[in-house]
Amino acid sequence: MRSIWNGAISFGLVSIPIKLVNATESHSVSFRQIHTVDGGRIRYRKVCELEEKEAPAAEIGKGYEDADGSIIPITDEDLAALPLPTAKTIEIVAFVPAERIDPLQMDAAYYLSANGVPAAKPYTLLREALKRSQKVAVAKFALRGRERLGMLRVVEDVIAMHGLLWPDEIRSPQEAAPDTEVSVREAELDLADALMDTLGEVDLESLHDDYRTAVEAMIAAKVEGGEVAPETAPAERVGGKVIDLMAALEKSVQAAKEARGEEGEEVADVTSIKGRKRAAASPKSTGGAGAGAGPGAKKSTAKTAKKTAASAKKTTATKTTASKSTASKSTATKSTSTAKSTAAKKTAKKATAKKATPKKRASA
């Protein structure tokens, strides 16, 4: 990789020679401007307004436009003479937790490569110190004619630097916030959580630029001289007002499950209790005996049989109890009659004995 800047990292009294390398690259398809009539290339030429002719690159410099429109020339020597300590140095000013850095400040990313064998030892020292502290380094550096803010962190075995915007370069988000106050219900939040859980995570390595792939395929087809077969594009989502947020969330959850190959949850039909009793009372209405009888008919028949058996048991128990009661009454009646007859006989014997006593006295 080609270095775009050479300098050193200032880590206290330690100086680490490094090379600055771009950590990212653009894969977007670039187009040229052409004349649509004849296909000729449209080029931009740097023309001097005073001489009205094209100026060569060697004669082009920098200038600052004043408020009155006049141009003040600025040379490279003027810029080099400025008291800028970070002109060739990435000066670390602090070590802070990574969450202290607002992602809105993130800018371009670079790799810091050790420049030469002597730089390997201090480079490794700084890298391991960043790993163990679990912090990032905030630094100042100068690049392309201006001083910038940067954040150093460890990526695998390399120290990476993210350019940061200055705090005063971040716009306030208040202008982008909704103007009206909106209340969100708990049910809507639950559905939103369900949608987030259904979408889940994704492997970032699996994401691709489908538009760039389609453009490259179209260009390749034109180069070969063939016609480009238009592919069926997905239907565009129609914008507009959301009529029912709950319904939209539910459909989103269902669509996300179908996209992942998961089966949607079936909604069960609710049958009233009265309807169930009527169905159990008339099992013959479902069809002929044996033919076309479903599981519901079998359950109704089984319930009816159980009820009949229970009724039969109750009737038998009642009859048995009645029989026992009758037998007890009969026994009691017999016992009473026997006792009465025995008492009557004893009374008759006593009366006979009394009558016989005077007769004996008379005969004597």
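Student: What should I keep in mind about the source?
Tutor: This is a predicted model, where local features need pLDDT of at least 70 and side-chain atom pairs count only at pLDDT 80 or more, while totals for chains, interfaces and linings use all residues. Residues are numbered from 1 along each chain as its sequence is written, and side-chain values use heavy atoms, with hydrogens and water left out.

Student: Which residues of α2 are buried, and within what arc do they fall?
Tutor: The buried ones are P122, Y123, L126, R127 and L130. Seen down the axis of α2, going by directions from the helix axis to the C-beta atoms, the buried residues line one face, because they fall within an arc of 140°.

Student: How far apart are the end C-alpha atoms of α2?
Tutor: Helix α2 covers residues 120-133, which is 14 residues. The expected span is 1.5 Å times one less than the number of residues. That gives 20 Å for α2, and the end C-alpha atoms agree, being apart by 20 Å.

Student: Which residues does R127 contact, leaving aside neighbours within four places in sequence?
Tutor: R127 lies in helix α2 and is buried, with a relative accessible area of 14%. Contact means heavy atoms within 4.5 Å. On that basis, the partners of R127 are V154, D157, V158 and I159.

Student: Is G61 buried or exposed?
Tutor: G61 sits in the loop between β4 (53-54) and β5 (62-65). Its relative accessibility is 66%, so G61 counts as exposed.

Student: Now the largest pocket: what is its volume?
Tutor: On a 1 Å grid over the protein atoms alone, a pocket is an open set of points where a 1.4 Å probe fits, with protein on both sides within 12 Å along at least five of seven lines. Points are joined across faces, edges and corners, and the volume is the space filled by probe spheres set on them. For the largest pocket, that comes to about 380 Å³.

Student: Which element gives the largest share of its lining?
Tutor: Lining residues have an atom within 4 Å of a point, and the largest pocket has 15 of them. β1 (3-11), α1 (76-80) and β9 (136-143) each supply at least two. The largest share, three residues, comes from α1.

Conventions. Helix = DSSP H or I, 4+ residues; strand = E, 2+ residues; numbered from the N terminus. Buried < 20%, exposed > 50% of the residue type's maximum accessible area, 1.4 Å probe, protein only.
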